[in-house]
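My notes follow the order in which I looked.

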Amino acid sequence: MELTWQAIAFFIFSALTLGGGFAVVTQRNIFHAALFLMLSLFGTAGLFVLLIAPFLAAVQVLVYIGAIAILVLFAIMLTRRLMGLTISLNQQWPAAALAMLVLFGVLLLVLTPVGDDILGQNWSANLPTDGDTAPEVTYITVREIGVAFSTQNGFVLPFEIVSLLLTSALIGAIVVAREDEAI
Amino acid sequence: MDINWLDANYLPWLIPVPPLFSFLLIILVLGRYKILSAVVATSSVFLSFLMAWPLFFKAALFTEDFGFRDGVYRVFGSHITWMDLGYQQFKMGVTVDPLTTTLLFMVPLAMLMIFIYSIGYMRAYPENDPHQIRFSRFFAYLSLFAGAMLTLVVADNLLLLFMGWEVMGLCSYLLIGFLFEKKSAYQAAVKAFMTTRIADVFFLVGIGYLFAETGSLSYRDILYNEAVLERLGNSDLTGFLGLSAAAIIGTLIVIGTIGKAAQFPLHVWLPDAMEGPTPVSAMIHAAAMVSAGVYLVIRFFPLLEAGGNPHHAEYTLPLIVMGVLGSVTALGGGFLGIAQNDIKRVLAYSTISQLGFMVAALGIGAYVAAAFHLITHAFFKALLFMCSGAVIHAMEHGEHHLHEMGHDDAIPHRVQPGEATPYGTDYIGPHGEAPNDLEWQPTVPAGIDLSFVAVPNDMRLMGGLFNRIPVTALTMLAGSLSLAGFPILSAGFWSKDEILADALLFITEPSAFEGHGAPWLHILVFFSLFFAAMMTAFYTTRMWIMTFAGTPRSEIAKYATLKHEHHHHEHEHDHHHDAHAVVPHDAHEHEAEEENRFSWERFKAWWSVYSNSALMQGPLVVLAFFAIFAGFVGMHPNFPILNILTGGNGASGGTNYFYNLVSDTLIHLPPKPPFATEGSIKIPLPLLSSLTAFFVGAGLGYMVYGVPIEAGEKDRSEAFFGSQLWTAMQNRLYIDTFYLRTFYVPFEWFARKISYQAIDKETIDEFLHTVADTMVSIGEALKMLNRVVIDGVGDGIPSLIASAGRYFRNIQSGSIQQYLLFSSGILLLIVVGFLLIV
Amino acid sequence: MVPLWMYLVVSAALFCIGAFGVLARRNAIAILLSIELMLNAANINLVAFWRYMNPTVINGQVFAAFVFAVAAAEAAVGVALILSIYRNRQTVMVEDVNILKW
């Protein structure tokens, strides 16, 4: 594989994503964990850019980092009393780690050409093995996505359902998070 | 169902009911009310009396062809099906036939008199006496006794008869042992019960055999069914010793009578039965128990003679047994009666003797005579016993009086409580001293002396009582004459005369026996009864003279009275009175002293003095009437002169009412003994023999005892018999002792050493203990097995499940992460497995 | 251009890390963060497949957008639940919230 700037960028973003994620699950301080989550999300946004999905990258930064992470930070601060806990992992973490390693191994076997030799069955045969074979793509504009969301042939129904879901989830969140005496 | 209970066919059902009901009422409800109990009991018997007597008159006088006549069996009675025995029904019922009517005449009357007498007798005892303490119970027992006897009388089958029979046995046990504080009393009760029980076992076997042979126990089916009697009398029926079934059954029934009617050799209980209160003696020896025994053989006479004919000297085994044992009993009882000093024991032996008369008479087929003697004897013996009770009461009052006056030293050979008596060490005096020995003494005294006599009963201490208790003396004279067989004016004379006449058939009617073998049983019975009658007259004379004639032989007799006030009525009296105060109170004197006005206190005092006396002596008068006059109904039709009374012409043609009535009970009329011998010279041999027996016996008695013996004088008969024989006679010829030594002691030894010690304790108990120990060990082993294996399995499975649950429930920790881990782990396993397989 | 499987490996690794966090973290908020990681892994997958397999169709991006919306809703509800639990039990430790058991 030729080491292009794209590949370098991929590795950097991948490292950000995975390193941030790892820090999220291992960091004792929950506040730090939340900050590392932002880092991981930012790396993901970079990957989106590499995959020529700028709208999604923007939404990733705006919605995830800007809204969800902030929401989580609020939650952390509301439960601040518990931030200084020393033990961040529970007793079953070695079993969980083992299980996840096994899962990762299985996924590697299934998804990568490496596994094909071991399994004797080419699960990833249909996948493009080389990035160069990927079809050329034109940028999909925000306008196209907006049209897709709002046209009858597109995704207007799922869009409405999702909006409904989001609304009801927010209402429910408000109800759940309210002080008790209101209920 | 509409039943007219007053109909003669149904009325017999009701006759036993009032006394039985009275028994229940007194036992359950009235136990605390003495006088009420007595009144209820007496009224119940009076009710029975009111039913029985009209029934008797209706049957005996106003019913045409009553009884068995010309093949027609016309009696009153009804029956119900008592139980279904599958192939047949057992019928329980009542019947009134001619024989029953005679008892229906006698039994309720005698009982009523006894009940009335009992009230006075029992009340005359002081407050703390057992007689008073168990006053109600006495009348309850007496009621049960009466009910059982009446049941027995009206029964139409052997089973119902046996029920009454056994209940009477129980009642005799309870009543003889009524004063159970006295060792002699409860021993006598046990003795009576056990002795009669021996006989009853045989009797019951006989009943069973009879039922097995005939399939019925009804009189009508057996006794009035010639086919059945013939079959039973046929000696081919059984192979046992060549005897017929009738002979075996009859002998067993006779054994039952021997026990109940106190015939030798089972007579030993009867003299001891005097331990009960005197009304009980009257009940047992006159109205009920022994009468029932004799009634049984009279009732079953057709069966007893089945296969034979005593009038032709064809004696069956039961008849021989009866004839021989009856003769022995009559003789022996009379012989022993001579030597008794206890007034009640004299009467007891006279009872045994007279019952021997009846049984022996029945043995030679003197059916009517036996029944007749049963009735007359019941009257005069009840009278005599009640008189003796009055005498004893008078003596006890004399003793009581002496005690109160502080003259204890005047009471002769009074046995102190705790002093040894032949029966043990627990004599109770007339004042109801507490018993001091209720422990059972297992060993029999080595030299048992049965000549012991309680003080108030001792005729040697009496004498001159005629002046003290004249009514009793006169009525007892009537009874004694009747017992002795005083000619004409006594019931006993006629019945005894008829028995002797029947026994003399071998002379007066020899034609009947020709070609039939020797009438040896008739001869034996005649001579035995002749001499027994002689002895009866002798000891009766002795008894009456010793009791009533002459002068008092003791201080007790001097103060004997029936009009003695109770202790609590004289508590104000000083113990050291001068002589005139010792004289019993005479209420009339008080009346004379005070003004002649009525006062409740005076009436009560008078009543307390006279009521008991009246209650005791009134029945005596009634019974004395029957003891004197009841015999005329059985007068021989040819009795000279007197037969005018019964419709004769002075020489012949009179009527023997009793014979005419009772003989209809049988299919074949019993023979009428002729008045005189056959041939040209007609000698009235039966009459002569009974007259001879009376006059010789009574004359001898008067010769010996006519001049009353003095206090402390030896009995004049003792010189004649010799002191050794005299002592033996007073000890009942050592028969009781013999039984004690032969049966009681070995049995006791066997019971204690073999049955109890060796068999029960060492063998059976040991074996049982071994078995028990083994069982316990097995049980322990099983318990271990149970605990380890079965409990192990039983508990193990649940505990396994529980521990598994306890273990696996940790899975459900409530921790979502754990669930997730498990599910993802399992998913992974599936995926990995899938990968490995594919 | 890097091959597709590299993106897939990154996605898988991120998913496993997130899943590990879900399984092993004590803090409920941390679990919520881990879930976000897993959702992101899914999004990477979606977008990568869209880019390499069928870039002419808009569906891949639209799906990713839906995932954003669902993630937002999930986060909102999750934070609300955590706050509610915290208010009631004074804890956000999941092992303390285990009353749903035997």
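These entries cover helix packing, rings and backbone geometry in a predicted model.

**Entry 1: helices 4 and 26 of chain B**

I started with helix 4 (residues 98-123) and helix 26 (residues 600-629) of chain B, whose axes lie 8 Å apart at an angle of about 160°. An angle over 145 degrees counts as roughly antiparallel, and helix 4 and helix 26 of chain B are therefore roughly antiparallel to each other. I noted the crossing of helix 4 and helix 26 of chain B as left-handed.

I then listed the contact. From helix 4 of chain B, the residues include B:Phe105, B:Leu109, B:Met113 and B:Arg123. Sorted by class, the contact between helix 4 and helix 26 of chain B has 15 nonpolar, 3 polar and 1 charged residues.

**Entry 2: helices 17 and 22 of chain B**

Next I looked up helix 17 (residues 343-363) and helix 22 (residues 520-548) of chain B. Their axes come within 10 Å and cross at roughly 160°. Helix 17 and helix 22 of chain B are therefore roughly antiparallel to each other, and their crossing is left-handed.

Helix 17 of chain B contributes residues including B:Ile343, B:Tyr349, B:Gln354 and B:Phe357 to the contact. Helix 22 of chain B contributes, among others, B:Leu521, B:Ala532, B:Tyr539 and B:Met543. The class count for helix 17 with helix 22 of chain B is 13 nonpolar, 6 polar and no charged.

**Entry 3: chain A against chain C**

I moved on to a packing between chains. Helix 1 (residues 5-26) of chain A and helix 1 (residues 4-24) of chain C pack at about 10°, with axes 8 Å apart. That makes helix 1 of chain A roughly parallel to helix 1 of chain C.

Which residues of helix 1 of chain A meet helix 1 of chain C? I noted A:Phe10, A:Phe11, A:Ser14, A:Thr17, A:Leu18, A:Gly21, A:Phe22 and A:Val25. The partners in helix 1 of chain C include C:Met6, C:Tyr7, C:Ile17 and C:Phe20. By class, the contact of helix 1 of chain A with helix 1 of chain C has 12 nonpolar, 4 polar and no charged residues.

**Entry 4: rings**

I counted 46 aromatic pairs over all chains. I also looked for charges over rings. The charged end of B:Arg134 sits over the ring of B:Phe180, 4.0 Å from its centre. The charged end of B:Arg197 sits over the ring of B:Phe193, at 4.4 Å from the ring centre.

Most residues other than glycine have a negative phi, and most peptide bonds are trans. I therefore checked for exceptions to that rule. B:Ala262 has a positive phi, near 55°, and is located in the loop between helix 11 and helix 12 of chain B. B:Phe264 and B:Pro265 are joined by a cis peptide bond, with omega about 5°. I placed B:Pro265 in the loop between helix 11 (245-260) and helix 12 (269-272) of chain B.

Technical notes: Residues are numbered from 1 along each chain as its sequence is written. Chains are lettered from A and ligands numbered from 1 in the order in which they are written. This is a predicted model: local features need pLDDT of at least 70, side-chain atom pairs count only at pLDDT 80 or more; totals for chains, interfaces and linings use all residues. Side-chain values use heavy atoms; hydrogens and water are left out. Rings of Phe, Tyr and Trp (its six-membered ring) pair if their centres lie within 6.5 Å; planes under 30 degrees apart count as stacked, over 60 as edge-to-face and the rest as tilted. A charge sits over a ring if NZ of Lys or CZ of Arg is within 6 Å of the ring centre and within 35 degrees of the ring normal. Axes are lines fitted to C-alpha atoms, for helices over the stretch in contact, and angles run from 0 to 180 degrees between N-to-C directions. Helices (H or I, at least four residues) and strands (E, at least two) are DSSP runs, numbered from the N terminus. Angles under 35 degrees count as roughly parallel, over 145 as roughly antiparallel, 65 to 115 as roughly perpendicular and the rest as oblique. A crossing is left-handed if the near helix is turned anticlockwise from the far one by less than a right angle, and right-handed if clockwise. Contact means heavy atoms within 4.5 Å. Ala, Val, Leu, Ile, Met, Phe, Trp, Tyr, Cys and Pro count as nonpolar, Asp, Glu, Lys and Arg as charged, and the others, Gly among them, as polar.
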